[in-house]
Amino acid sequence: MKLKKILTTLGLAILLGGMASAQAADLRIGVEGAYPPFSWKESDGTLKGFDIEIAEALCAEMGRNCVLVEQDWDGMIPALLAKKYDAIVASMSITEERKKRVNFSDKYYNTPAKFVAKNGSDLQITKEGLKGKRIGLQRGTTHQCFMEKMFPDAELVLYATQEEVFQDLAIGRIDANFSDSIAADDGFLKTDAGKGFGFVGGDMHDMECHGEGAGIAVRKSDDELRMEFNKAIQALRDKGVYQKINAKYFDFDIFGG
Amino acid sequence: MGEAIIQFLETWSPLDVVLIAQNFDRFLLGALVTLQLTGLALLIGGALAVPLAIIRAGKNPYLNAPVWAFTYTFRGTPLLVQTYLIYYGLGQFEAVRESFLWGPILSQAWWCALIAFSLNTAAYTTELLRGAIVTTSRGEVEAALACGFSAAQRMRRIVLPSAFRRALPAYSNEVIFMLHGSVVASTITIQDLLGVGRWLNGRYYLAYEGFITAAVLYLIIVLIISRGFRWWESRWLRHLYPQNAVETKPKKGLASFRF
């Protein structure tokens, strides 16, 4: 009993201590760095991309000093819960499954998912057509959820990063890539490696898996931070800062309707 | 106060046991892939290691140098790097992609992993066996010489059987290292034991359920392997144990010495 009491007090002390120090410190933002054009790493180690600029603009709007923290995709939510950072700005789609673990701001963009395959491939986007086909995608994404739900007979090939999927698609190890259409267009189709490849089929969307767009994830206890982000996103839209960043990367407004 | 408790629960929620149970068959399939890759790599690597170790223990510099370079390279670089070079590296060359090896072998992640693992364990086993060969007791070799054995006969009948036995305890470590090293397969899309764990984490956005399940299964496999080796050693190394099998209570001093 006594030990239990001591442990509880100790645990609470650590928790409260952590809360107090978090308020004084910088805002730490988790980003990925291997998902062009939303985030990538230059050869000198600096982070670039739409997500990165949006994160920096949001911090400026909120008047907070931000530190970007790189994290591999499949550990993104666990690292947020373990307080390695306080928010995720990494093109993370707002889905029901993720909402069980974290809270999301309003969406900051929304683009559809699509298949990419070699030009002239006979890939049919139907349950029958994808049966046994090797479809490459990034592990832990909404696309993994979508494929397992809608096309359970396809053979899924799971990668840690989207860049690795494109690499294997280019050399023919997989029949198709399934990912966000913008990520596929700018990260692959518009590059040298993507010559001879194109989109197959139309926009793919499933509300349960894909959700309503990409948002900023925060811990459930940080509701104030979430509201701050919502206000900042709206402000960036109103002031035209968002549109300016958008124009650097895309020829249409990816904010979506 | 209440908020702190809610936060505590959300941050440190217990294992999602239901999800693990629902997907346990996948974990068993993953374990099978792990065992298959590890077992085959050990077989191929072991078969390569015997002739290479004999060369390394010999004195021919023209044969010795390339084998030394091979073992040094594969023991001096991480297994992950070797696997990446074979899987992602070789695929970048047009010539490799157009060769007959591409379709059936080098385009397949499974074969790339098997090649990397086999060469890696071959390098370690070569050096392990070389050590056992060169430390063969002079007396045994001299006895064989006195009986008129040729060099090949000495190697086959005296040196190798003795070296295999003495290398056995160290080899059990190599087997366990190889098993653990095989997790590298999950980084090149193979659904091995860790691959299934990462799949589960990815599918349900979990932090550690997949890892813990995989870890427990690895522990069980290692337990079986080490038990197996202990049994094997008790048979093969019996002649090296102290000769006091009748005594039930170990005496103080030398007689109680065991390894």
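Guide: Chain B has 12 helices and 0 strands. Helices here are DSSP runs of H or I with at least four residues, strands are runs of E with at least two, and both are numbered from the N terminus. Read along the sequence, the pattern of chain B is α-α-α-α-α-α-α-α-α-α-α-α.

This is a predicted model, in which local features need a pLDDT of at least 70 and side-chain atom pairs count only at pLDDT 80 or more, while totals for chains, interfaces and linings use all residues. Residues are numbered from 1 along each chain as its sequence is written, with chains lettered from A and ligands numbered from 1 in the order in which they are written.

Start with confidence. pLDDT is the predictor's confidence in each residue, from 0 to 100. Chain B averages 88, and 88% of its residues score at least 70. Residues 254-259 of chain B fall below 50, and this stretch has 6 contacts beyond near neighbours in sequence. Two residues are in contact if their C-beta atoms, placed from the backbone, lie within 7 Å. Where pLDDT is low, the predicted coordinates should not be read in detail.

Now the chain as a whole. Of the 259 residues in chain B, 32% are buried. Buried means that 20 or more other C-beta atoms lie within 10 Å of the residue's own; 12 or fewer means exposed, and anything in between is partly exposed, with C-beta atoms placed from the backbone. Among contacts in chain B with a separation of 6 or more, 73% join residues 24 or more positions apart.

Follow helix 3 next. Helix 3 (residues 24-57) of chain B packs against helix 4 (residues 61-76) of chain B at about 120°, with the axes 8 Å apart. Axes are lines fitted to C-alpha atoms, for helices over the stretch in contact, and angles between N-to-C directions run from 0 to 180 degrees. Helix 3 and helix 4 of chain B are therefore oblique to each other. Under 35 degrees counts as roughly parallel, over 145 as roughly antiparallel, 65 to 115 as roughly perpendicular, and the rest as oblique.

The crossing of helix 3 with helix 4 of chain B is left-handed. A left-handed crossing has the near helix turned anticlockwise from the far one by less than a right angle; a right-handed one has it turned clockwise. On the helix 3 side stand Leu52(B), Ile55(B) and Arg56(B); they meet Leu63(B), Asn64(B), Val67(B) and Trp68(B) of helix 4. By class, this contact has 5 nonpolar, 1 polar and 1 charged residues. Ala, Val, Leu, Ile, Met, Phe, Trp, Tyr, Cys and Pro count as nonpolar; Asp, Glu, Lys and Arg as charged; the others, Gly among them, as polar.

Helix 3 of chain B has another partner, helix 8 (residues 109-134) of chain B: their axes come within 6 Å and cross at roughly 40°. That makes helix 3 of chain B oblique to helix 8 of chain B. This crossing is right-handed. Its residues divide into 19 nonpolar, 6 polar and 2 charged.

Glu140(B) sits in helix 9 (residues 138-146) of chain B. With 14 other C-beta atoms within 10 Å, Glu140(B) is partly exposed. Beyond neighbours within four places in sequence, Glu140(B) is in contact with Ile158(B) and Ser162(B).

Now look across to chain A. The predictor gives the complex an ipTM of 0.73 and a pTM of 0.78. The contact takes 20 residues from chain B and 25 from chain A. On chain A, helix 1 (2-24), helix 3 (76-81), helix 4 (96-99), helix 5 (142-150) and strand 10 (155-159) each supply at least two residues of the side touching chain B. That side of chain A divides into 12 nonpolar, 5 polar and 8 charged residues.

Handle part of chain A with care. Its mean pLDDT is 89, and 90% of its residues reach 70 or more. Yet pLDDT stays under 50 over residues 17-24 of chain A, where the model has 1 contact beyond four places in sequence.
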